[in-house]
Amino acid sequence: MRLIGLLGGLGWETTSLYYRLLNELTQRQCSERQAARILLHSVNNGVINDAIARGDTDQLLSVLSDAGRSLRDGGADFMVLANNSMHRYADEIEQGSGLKLLHISDAVGARIQQAGHRTVALLGTRRTMEGHFYPERLRKHAGAKVITPDLNERVEVDRIIYEELAKGVMQTGSREYIADLIRNLCDGGAEAVVLGCSELTSIVTPAPGALPFYDTTRLHAEAAVKRALEVTYA
């Protein structure tokens, strides 16, 4: 079993979710007596948020690349970045750390390609919805177009994530807002919805006949376990 390098701390709740999923999925593939081999480097998210607020990309990349190097030096075979929005810097982190990164968009794209979806909606934080890594990689690897809500809607989804869901607050009005937004995206041509934020899975409930949903955190963890259990990988 290969050693998974988990770069976490970019929201410790999401990091703990990754840790649980990696172990649950490993047990499902192997046996209840097995556990995933995980090396965790948890960064101080306050430093990352301060760098983002200052627009200091160099500092942000320095922290994340240093974390990646520590995983490499600790023997990790590949890296899993436990955060959606920071994948906008995936290439720089991979290059700066010298450790292969398993990209979250590729894990999602493989499932979208398998399902044959040509247009998908993306929901997440503003940084995720306004980033280029999902549209570019899903178009390249899955042949799928990505659509997102308009600016005001992106701002509101971002607020719901940070001011409510991240704090464990579940508002009926917010649940209805997200449901209406998904219906509008469906009317706009979306054949499925990519939930590009782990918190959204707590407020979006798939219903019979509704659009398919792709939980990016779970798909990323599944891809990591598959790679860890493979005899060889690229």
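Okay, let's start with cysteine 197, which counts as buried, at 7% relative accessibility. Before I go on, keep in mind that this is a predicted model. The other cysteine I want to mention is cysteine 30, and that one is partly exposed, with a relative accessible area of 37%. So what about disulfides, how many do we get? The count comes to zero, taking a disulfide as a pair of cysteine sulfur atoms within 2.5 Å.

Next, serine 174. You'll find serine 174 in helix H9, residues 172-187. Is serine 174 buried or exposed? Buried: its relative accessibility is 5%, and the cut-off for that label is under 20%. And what does serine 174 touch, if we skip its neighbours within four places in sequence? The partners are Arg159, Ile160, Glu164 and Ile203.

Now over to the helix pair. H1 covers residues 12-29 and H10 covers residues 216-229. Their axes come within 9 Å, and they cross at roughly 50°. As for the hand, the crossing of H1 and H10 is right-handed.

Who's in that contact? On the H1 side we have Leu17, Tyr18, Leu21, Leu22, Leu25, Thr26, Arg28 and Gln29. Facing them from H10 are Thr217, Arg218, His220, Ala221, Glu222, Ala224, Val225 and Leu229. Sort the residues of this H1 and H10 contact by type, and you get nine nonpolar, four polar and three charged.

That's it from me, happy to take questions.

Notes: Residues numbered from 1 in each chain as written. Predicted model: local features only at pLDDT ≥ 70, side-chain atom pairs only at ≥ 80, totals over all residues. Heavy atoms only, no water. Axes fitted to C-alpha atoms, helices over the stretch in contact; angles between N-to-C directions. Helix = DSSP H or I, 4+ residues; strand = E, 2+ residues; numbered from the N terminus. Left-handed = near helix turned anticlockwise from the far one by under 90°. Contact = heavy atoms within 4.5 Å. Nonpolar A, V, L, I, M, F, W, Y, C, P; charged D, E, K, R; others polar. Buried < 20%, exposed > 50% of the residue type's maximum accessible area, 1.4 Å probe, protein only.
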